[in-house]
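Let's take a walk through this structure, one stop at a time. Have the sequence and the 3D view open as you read.

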Amino acid sequence: KDNHLVIGHLNFSLKTIENIYIIGAGKASALMGAELEKILGNRITEGYIVVKYGYSCSLKYIRAMEAGHPVPDSNGFKATQEILKIAGKATEKDLVICLLSGGGSALLADYPEGSSPKDMIKVNDLLVNSGANISEINAVRKHLSSVKGGQLARTVFPATLVSMILSDVPGDPLDVIASGPTTPDPTTFKQAMQVLEKYDLMTNVPEGINKYLGEGMKGNKPETPKQSDPIFKKTFNLLIGTNRL
């Protein structure tokens, strides 16, 4: 409206925004992107989202990659790197809109140094079939990633980041939906390791993964950003769809 972009309770003057980037992950993210294109059109500088196979749609300004879910595949790893590239381009005069929905945890796929995509696929497979709940699974996923658990927000900073989120998790905990890439993460490396121990997965977890978590517990790897981190002063997370809504 009148050169202002209104998103929920937020109001941005488009005169002060240089670029609008769209990123996203989840089974609904392509259709969310299509609606956003109707509103913003050629104001979108660039965009990239990752969706489950068969869940894409026609998009003009945003690129979309279909990838594996619930276990990640090579397309997911490629798409996540493209999303991180766009996130890393954003400056303090830019607006990044992130579209998140169920399935984002598997689709936003990367792996820690000293391991491989194959290792990460194995860990996901072990976790999904272990009996662990989604919060426990995501505590591990967040500590084996440079995008989950608030780390996407860390990459976007100092740009302004607005996430529009469709919840598929009971109670709608923002840090659990899609592994909370744009929200503070209350979990730690120690808790991630405790999940693997609780479900007797330690002997089957690839060595590189085990080693990375161990280094994290010793404080040799960066912990996920917490509530007090200044990056969240320019990050806004909006729940736009829940079972309650």
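Start with two helices, H4 (residues 117-128) and H5 (residues 134-142), whose axes come within 10 Å and cross at roughly 165°. Keep in mind that what you're looking at is a predicted model. Angles over 145 degrees count as roughly antiparallel, and H4 and H5 are therefore roughly antiparallel to each other. Their crossing is right-handed. On the H4 side, the contact is made by Val123, Asn124, Leu127 and Val128, and on the H5 side by Ile137, Val140 and Arg141. Sort the residues of this H4–H5 contact by class and you get five nonpolar, one polar and one charged.

Now stay with H5 for a moment. How many of its nine residues are buried? Seven are, so H5 is largely enclosed by the rest of the structure. The buried ones in H5 are Glu136, Ile137, Asn138, Ala139, Val140, Arg141 and Lys142. What do they pack against? The buried residues of H5 pack against H3, H4, helix H6 (151-156) and helix H7 (189-198).

That brings us to H7. The axes of H5 and H7 come within 8 Å and cross at roughly 125°, and the two helices are therefore oblique to each other. H5 passes H7 in a left-handed crossing. Here Glu136, Ala139 and Val140 of H5 meet Ala192, Val195, Leu196 and Lys198 of H7. By class, this H5–H7 contact has five nonpolar residues, no polar ones and two charged ones. Val140 turns up in the contact of H5 with H4 and also in the contact of H5 with H7.

Leaving aside its neighbours within four places in sequence, methionine 217 is in contact with Phe189, Lys190 and Met193. Look along the chain from there to isoleucine 231: this residue is 14 residues from methionine 217, and their C-alpha atoms are separated by 23 Å. After H8 comes glycine 219, with a positive phi near 90°.

For a contrast, jump to isoleucine 97, in strand E6 (residues 95-100). Is this residue buried or exposed? At 0% relative accessibility, isoleucine 97 counts as buried. Set aside its neighbours within four places in sequence, and isoleucine 97 is in contact with Leu5, Ile7, Ile20, Tyr21, Ile22, Ile23, Leu36, Leu40, Val162 and Met164. Take isoleucine 23 from that list: isoleucine 97 and isoleucine 23 are 74 residues apart in sequence, yet 6.3 Å apart in space, C-alpha to C-alpha.

Next, the aromatic rings. The structure holds two aromatic pairs. In one of them, the rings of phenylalanine 77 and tyrosine 111 have their centres 5.6 Å apart and their planes at 75°, so the pair is edge-to-face. Phenylalanine 77 sits in helix H2 (residues 74-89) and tyrosine 111 in the loop between helix H3 (104-107) and H4, so the pair ties together parts that are 34 residues apart in sequence. Phenylalanine 77 counts as buried at 9% relative accessibility, while tyrosine 111 is partly exposed, with a relative accessible area of 38%.

Most residues other than glycine have a negative phi, and most peptide bonds are trans. Against that background, the peptide bond from histidine 69 to proline 70 is cis, with omega near 10°. Proline 70 lies in the loop between strand E5 (63-67) and H2. Another cis bond joins phenylalanine 157 and proline 158, with omega about 15°, and proline 158 lies in the loop between H6 and strand E7 (160-166).

Aspartate 2 is not a glycine, but its phi is positive, about 45°. Aspartate 2 lies in the segment before strand E1 (4-7) and counts as exposed at 74% relative accessibility. Aspartate 172 has a positive phi too, about 55°. Aspartate 172 lies in the loop between E7 and H7, and at 19% relative accessibility it counts as buried.

Conventions
Residues numbered from 1 in each chain as written. Predicted model: local features only at pLDDT ≥ 70, side-chain atom pairs only at ≥ 80, totals over all residues. Heavy atoms only, no water. Axes fitted to C-alpha atoms, helices over the stretch in contact; angles between N-to-C directions. Helix = DSSP H or I, 4+ residues; strand = E, 2+ residues; numbered from the N terminus. Parallel < 35°, antiparallel > 145°, perpendicular 65-115°, else oblique. Left-handed = near helix turned anticlockwise from the far one by under 90°. Contact = heavy atoms within 4.5 Å. Nonpolar A, V, L, I, M, F, W, Y, C, P; charged D, E, K, R; others polar. Phe/Tyr/Trp six-rings, centres within 6.5 Å; stacked < 30°, edge-to-face > 60°. Buried < 20%, exposed > 50% of the residue type's maximum accessible area, 1.4 Å probe, protein only.
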